[in-house]
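Please read the numbered points with the model in view.

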Amino acid sequence: MKDKEVLKLVGARIRALRKGKGLSQEALGEKGGFHFSYIGQIERGEKNVSLLNLQKIAEALEVNLIQLSAYVDEEILVTQTENEIREIVDLLREANEEKIRLAKNVLREILKGRA
């Protein structure tokens, strides 16, 4: 893989995570301590971002550093999974305590035996 491809893949991953969190480049920049134009340059693959700055971006996105390297090939699956989880959480937020307990028990049974 060429250097430029790596930068573009990491940048695309940061963009997807940022958009998934509903953040603008400016909001992500503020959370991470960067100017929004720097975030844009990273997302476009124009900047070779340092490992320390990647860690700050990961913290601002509330993900771990490894999640920033889940490249675009896996991005569709990751995004779909994250969206499914968000939908489940949204449903639970609307439910009463009894239904939440029932949902927890159902999930426990479904996932029983899985690591």
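1. Phe34 and Tyr38 are both buried. The model is a predicted one, and a search of the whole of it finds one aromatic pair. That pair is formed by Phe34 and Tyr38, and it is classed as tilted, with 5.4 Å from centre to centre and 40 degrees between the planes.

2. When neighbours within four places in sequence are left aside, Ile57 is in contact with Phe34, Ile14, Leu28, Ile39, Ile42 and Val49.

3. The largest nonpolar core has 17 residues, and the members that touch the most others are Ile14, Leu28, Ile57, Leu61 and Leu68. At least two residues of this core come from each of helix H1 (3-20), helix H3 (36-43) and helix H4 (51-61). The greatest contribution is that of H4, which gives five residues.

4. Leu102, Val106, Leu107, Ile110 and Leu111 make a nonpolar surface patch of about 450 Å². One of these residues, Leu107, is found in helix H6, which covers residues 97-111.

5. Is Leu107 buried, partly exposed or exposed? Leu107 counts as partly exposed because its relative accessibility is 41%, and that class lies between the limits of under 20% for buried and over 50% for exposed.

Note on methods:
Residues numbered from 1 in each chain as written. Predicted model: local features only at pLDDT ≥ 70, side-chain atom pairs only at ≥ 80, totals over all residues. Heavy atoms only, no water. Core = buried A, V, L, I, M, F, W, Y, C linked by side-chain atoms within 4.5 Å. Buried < 20%, exposed > 50% of the residue type's maximum accessible area, 1.4 Å probe, protein only. Helix = DSSP H or I, 4+ residues; strand = E, 2+ residues; numbered from the N terminus. Contact = heavy atoms within 4.5 Å. Phe/Tyr/Trp six-rings, centres within 6.5 Å; stacked < 30°, edge-to-face > 60°. Patch = residues over 30% accessible without salt bridge, like charges linked within 9 Å, V, L, I, M, F, W, Y side chains within 5 Å. Areas by Shrake-Rupley, 256 points an atom, 1.4 Å probe, with all protein chains shown as cover. Salt bridge = Lys/Arg side-chain N within 4 Å of Asp/Glu carboxyl O.
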